[in-house]
Amino acid sequence: MRYTVLLLLIFSFVTSLNAQEFKLGKISKEHFDIPLSKEEKAAPAVFLNKYRRTNFEYRDDLDGWLLYTTVHEVIKINSISGFSYGTKKIQLFNEGRESEAVKKVEAYTYNIEGGEVVKIKTPKERIIKNRINENLDEVTITMPEVKQGTIIEYKYTVESSYYEIDDVIFQEDIPVKNAFAIIESPQFFDYNKFIKGYRDIISNDYVKLRQENASFELRNPFGGRTSKTLTNRIKYNDIVSEYHLQDIPALKEEPFVNNMENYRISVVYELATVEFKKGIKEKRAKSWDEVAEYLNNPARVAGQIDRASFLEGVSDTLKRKSVATLDRMNFAYNYIQDRMTWDRGINKYRSQDLKKAYYQKKGTAYEINTLLVSLLKRMGLKAAPVMASTKDNGIPIFPTVDGFDYAIAAVYYDNKWILMDASGKNLYPGLLPERVMNWEGRLLKENGESLSIPLFSSEHSDNKSSIIVSINKKGEISGKCRQKYSNNEGLSIRNILKGEDQDYQEDVLKEIINENNVYDVVFELENSSKPTMISYGFKTSNYTEIVDDKMYLSPHLFLEKPENPFKASNRELPIDFIYPRIVENTITFKLPKEYTVDSMPESIELKLSGGLGSYKIAFKQVNDQSIQVLSSFKSNSTLVKADAYNEIKNFYAQIVAKEKEKVVLKKK
Amino acid sequence: MRLLILCCILLQSTLLIAQNSFNFSSNTIPEDLKKDANSIIIDERISVNIPAIDKQIVNTYQVITVLNKNGNRAVNAYEYYDDNMKIKDIGITVYDKNGEKIKEVKKRDFNDVSAVEGGTLYSESRIMFADYTPDEYPYTIVFESEVESKTTAFISPFYAAQDYYTSTLKSLYTIEVLPELELKYKVYNDDDSVLKINELTGKIVVEATNVKAVVPENQGLTISGIVPKIQFGLNHFELKGVQGIGDDWNSFGKWMNESLLSETKEVSEATRKEILALTKDAPTAIDKAKIVYEYMQNRTRYISVQIGIGGWKPMLANDVDQLGYGDCKALTNYTKALMDVAEIPSYYTVINSSSEKEDITPDFTSIQGNHVILAVPNDEEMVWLECTSQQTPFGYIGASTDDRNALVITPEGGKIMKTKKYDLEENKLLTTGVVTVNEAGAIEGDVHLESTGILYGSHFGLEFLDAKDKNEYYKEYWDYINNLKLIDIQLDNNKDEVVFKEDVTFSADSYATYVGEEMILPANFVTRSNYIPTRYKDRKQPLVISRSYNYEDEVTIKLPEGMNVKFVPEPIQVVSDFGEYTMSIVKEENGDLTYKRYLKVQEGMYPKDQYKAYRSFRRKIAKGDNQKIILTK
């Protein structure tokens with residue numbers, strides 16, 4: 001439910017739009033005097049104006065539409081850290097016959113010298129085009145004479161043969177005072193619009209009549225060209241949306257955010273239909289079921305699932321080993337996991353080949369998990385691929401093939417779908433890696449339907465430690481520790497340690513617990529489906545202090561939570577806890593016989609509202625010479641709204657303060 | 001007939017096997033080369049051929065066995081090129097652990113992309129590279145390339161190992177040069193004679209075998225200070241169509257001055273007049289230089305470009321004058337042009353910019369360095385000017401260019417000179433203030449920090465952060481104070497004195513903790529150090545402390561009304577070869593406590609067996625900094 005914030009459809013209002021006050025090449029003293037708020041002044045630079053127009057032109061010579069996007073931006077540079085805005089980069093894509101080109105670039109620098117505005121035009125040779133790779137060019141404009149207080153201005157138009165309208169971005173990493181955007185599309189193109197970010201966006205929508213000269217070549221009866229050309233005036237409507245936003249704060253990075261781009265204030269356009277022939281609307285936008293259908297096409301990987309005859313032999317061999325569903329699932333999973341290496345490549349849904357991947361023994365997560373589905377189905381299990389988007393890719397805002405960059409596999413057993421990803425060597429059925437624990441995926445059913453599957457983990461990952469220590473009269477501690485990490489906690493430890501030599505593993509452990517004298521270390525990392533276990537002995541004198549006749553003991557040893565991870569005084573964006581977790585510590589102390597317990601901290605229990613989390617700690621005197629500290633921390637949520645920030649920050653602060661409290665021992 | 005065909009097929013297939021497998025098995029590698037290694041150079045053959053002053057052909061053949069995923073970084077399956085270079089061939093072949101060929105990438109399948117990510121001033125520098133994702137380890141990769149260049153100013157050095165965690169079974173480097181060009185070389189780090197060097201006329205063959213992997217150590221040497229290497233150079237070379245001389249630094253400098261720098265210094269008449277007017281009344285040459293420097297800082301911005309890219313010739317001063325930006329060469333040359341207008345002598349200076357002090361080798365003349373600064377003579381000394389920063393005070397150079405040999409280019413020729421060294425007294429951080437503790441254990445602090453020398457360089461950047469980032473900075477700086485709230489931050493950057501002052505007011509709840517009736521109050525509020533160097537079972541490298549520092553604190557602690565001091569830690573004094581630490585807390589008559597701390601760290605290269613003593617020194621400091629005061633009601 002909370003994710004729907006991102007998916008609000010635009011509701012239209014009619015407002016009057018201010019006339020554009022910024023004319024290219026005409027920045028005057030008044031523009032320098034535009035008052036800035038405290039935040040705007042403190043920022044490295046500020047957009048005084050951010051103008052964008054996207055429109056279509058019918059190009060008679062090309063017999064088709066071209067998309068033009070004009071950008072006109074005026075930026076005031078406040079400080080040295082804003083100098084980077086003096087260099088503007090424009091990226092241009094091309095693929096096959098589709099391409100983009102930049103037209104009419106102009107850029108200026110304005111400075112106040114002796115009370116007058118001095119304007120400098122960026123020379124042509126300072127506008128450089130660079131080929132980044134075969135599909136991407138970059139035009140760099142380096143504007144001259146940029147100083148503190150400078151205003152820079154540039155305007156350019158990108159001509160594109162793609163009909164996809166780039167996201168209309170209003171929020172930048174610096175504040176934006178005024179943003180205007182005008183998106184004009186001929187009636188032949190229908191777009192769906194989606195809002196991103198925490199702000200209402202209101203557009204002024206209207207219809208504008210346009211006329212265009214178009215020439216039509218007459219065709220001869222056999223379809224060939226004739227020399228006859230007719231020129232016609234065509235009339236049509238442009239659908240126009242105007243946006244005017246003011247005083248947009250900078251998008252500032254906050255810790256515990258999955259992907260900042262999910263929250264940038266912008267409007268996303270999706271091409272819904274095109275009408276190239278009168279009355280015939282070609283559908284371009286897709287429902288989830290249509291995306292599923294597209295992917296289930298025989299030419300696509302999912303379509304190849306039932307045709308992977310090269311898996312026949314393996315399938316037969318594995319099938320013979322057991323008839324039980326879970327056994328078969330594990331055999332298939334282990335086989336694919338062992339065989340295949342994830343190439344970390346970005347998934348290309350349109351160009352894959354299961355057979356090739358299988359024989360090369362490597363591929364994208366999509367290929368690996370689709371192979372797994374194929375094998376599972378061959379072995380008689382009910383299995384399906386689940387399309388997913390990684391955290392880096394963000395949240396797919398509307399149903400689209402490109403919104404996904406990953407796939408996992410699912411097996412139906414005992415009335416539920418078990419999710420699995422064979423692309424990581426330390427994973428097992430039921431455990432997904434963090435990279436794909438993002439919002440929800442779409443499970444592709446055989447009948448062409450699709451199903452929404454939550455990818456956030458509902459299961460807790462445990463981190464449990466039990467320590468037994470004895471303290472001598474000098475305050476020296478020697479102890480034995482056993483730690484158990486399950487699910488994603490176990491996975492992250494395995495990913496670091498598995499396959500490394502013992503020396504390295506021990507070094508990492510020493511770093512984690514910040515202790516040097518560690519011995520008898522045993523790691524249990526091999527069986528991925530079991531929790532990771534680490535056990536070791538240690539000696540230290542770091543947690544006690546003797547003052548006069550008293551000994552002060554830090555009762556959590558190296559398990560103490562040293563600082564509050566939440567430092568900022570306020571919060572804008574939801575907090576991503578990645579997965580639910582439980583941290584449980586049991587520490588038993590054998591006290592020196594010369595000492596007795598003088599005081600122990602109070603046992604307490606804390607709870608976050610809405611069942612988000614809890615913390616419990618108890619100090620127990622077991623007998624004269626022994627005490628026990630039991631603590632349990634539970635975080636039940638994945639993505640939490642910013643509203644809860646203060647409560648969460650305070651919750652952590654209380655825990656940190658509590659764990660600093662000492663046990664006091666007194667000389668007998 | 002049938003038989004014949006069969007024979008042919010058989011014959012062919014044996015040929016194919018010969019090509020498709022590689023005579024390698026990880027068993028044949030000596031165990032001591034596997035130790036600490038993520039990758040092993042099995043066989044490397046680099047041959048450099050310079051048949052003419054404007055032609056250099058480099059053939060590389062490299063067989064690397066990668067033992068685990070961390071070893072992938074040793075595989076450098078790429079070549080750079082530009083307008084002056086041509087990659088004639090490039091390719092990789094990958095073999096699995098049994099020596100079976102599993103992948104081959106030919107030149108046409110290499111990626112060809114721009115080498116300057118987000119490049120701004122130059123666009124001709126490019127890179128060709130191959131993608132390969134290993135499935136399993138170990139694997140062996142053969143990289144081959146042939147690159148032809150018109151530049152002979154740069155010759156790849158020979159390294160016995162390129163990086164940490166990589167060992168070398170065998171590496172062979174052959175260089176053959178037209179004798180008239182006068183090849184020369186210099187050997188580094190080869191006290192144990194690991195390198196076999198065979199010198200013939202116009203030809204040198206170097207071989208290294210069985211070089212063990214090096215593991216980096218905390219506060220140890222850099223890899224370039226450990227691994228044997230050879231630098232090569234020519235007395236006559238060509239650089240982007242310009243012939244150069246490298247007999248000695250003097251003539252090299254003369255050449256640079258005449259060929260690369262002489263025609264680049266004109267500025268507009270308006271700028272000329274402005275400079276003359278600005279400097280007209282300044283009493284001394286140094287005052288004038290400062291005016292010129294600050295004029296340049298206010299007029300320009302730095303656009304980052306590596307020195308080798310875009311050539312060694314700076315952009316014209318006049319262009320910088322018009323555009324107001326440039327890379328380090330352009331901005332330094334421009335500043336020099338302005339100094340010339342004001343008739344202040346100044347010298348273009350080539351240097352290595354890096355946090356570890358890296359010299360321009362005094363006794364080996366060749367193109368070196370990765371950065372350019374300006375030197376202005378002041379009596380017997382030089383004032384060094386960093387021209388790429390708009391903030392740096394006049395004459396201040398930070399930790400990236402201090403205390404190292406640089407090539408100063410004077411009209412009489414090149415000279416090697418050492419840049420400014422910041423000594424113990426200069427590198428100082430003074431922390432003073434008042435901290436008030438209330439009965440609940442919360443504190444309020446009013447703290448003043450003053451940093452000079454190298455420490456100025458690590459603090460003054462704060463001025464340019466926005467309010468939110470400043471807050472975050474202090475929350476990190478005092479990360480041991482939980483619940484820190486910043487109330488006020490006042491910064492004062494005194495560029496004339498090169499002192500950075502910070503006045504910070506903050507509060508923090510539950511700083512002190514209660515145990516029953518007793519309040520435990522950590523005594524060091526604002527300069528706590530918890531740094532304890534990593535322990536090594538068998539330390540191999542000397543301990544390197546690159547700069548001396550001194551830290552002095554004096555904090556007045558105001559205690560809550562009605563509470564008595566039950567315990568105050570005893571004064572601590574630790575003296576060691578590496579410096580000194582003292583801490584004391586004194587009860588004042590008015591009931592306040594005065595906390596004093598002094599820490600001095602002495603630069604030096606200490607023998608490896610002293611590392612343990614250094615750890616013990618740091619541990620004592622950490623312990624001293626974690627002392628607690630106990631109060632009771």
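**Entry 1: where the chains meet**

I began with the contact between the chains, which takes 35 residues from chain B and 43 residues from chain A; two residues are in contact if their C-beta atoms, placed from the backbone, lie within 7 Å. Helices (H or I, at least four residues) and strands (E, at least two) are DSSP runs, numbered from the N terminus. I sorted the residues on this side of chain B into ten nonpolar, 17 polar and eight charged, where Ala, Val, Leu, Ile, Met, Phe, Trp, Tyr, Cys and Pro count as nonpolar, Asp, Glu, Lys and Arg as charged, and the others, Gly among them, as polar.

I noted that this is a predicted model, in which local features need pLDDT of at least 70 and side-chain atom pairs count only at pLDDT 80 or more, while totals for chains, interfaces and linings use all residues. Residues are numbered from 1 along each chain as its sequence is written, and chains are lettered from A and ligands numbered from 1 in the order in which they are written.

**Entry 2: two helices of chain A**

I looked up helix α6 (residues 325-339) and helix α8 (residues 365-378) of chain A, whose axes come within 10 Å and cross at roughly 145°; axes are lines fitted to C-alpha atoms, for helices over the stretch in contact, and angles run from 0 to 180 degrees between N-to-C directions. Among the residues that make this contact I listed Met329(A) and Tyr333(A) of α6(A), and Leu372(A) and Leu376(A) of α8(A). The residues of this contact divide into ten nonpolar, no polar and no charged.

**Entry 3: Ser637(A)**

I located Ser637(A) in the loop between β34 (626-635) and β35 (639-640) of chain A. Is Ser637(A) exposed, partly exposed or buried? I recorded it as partly exposed, because it has 19 C-beta neighbours inside 10 Å, whereas a buried residue has 20 or more and an exposed one 12 or fewer. Leaving aside residues up to four places away in sequence, Ser637(A) touches Phe577(A), Pro580(A) and Leu612(A).

**Entry 4: chain B as a whole**

I counted ten helices and 37 strands in chain B, and buried residues make up 38% of its 633 residues. The C-alpha atoms of chain B fill a box of roughly 115 × 70 × 40 Å, taken along the principal axes.
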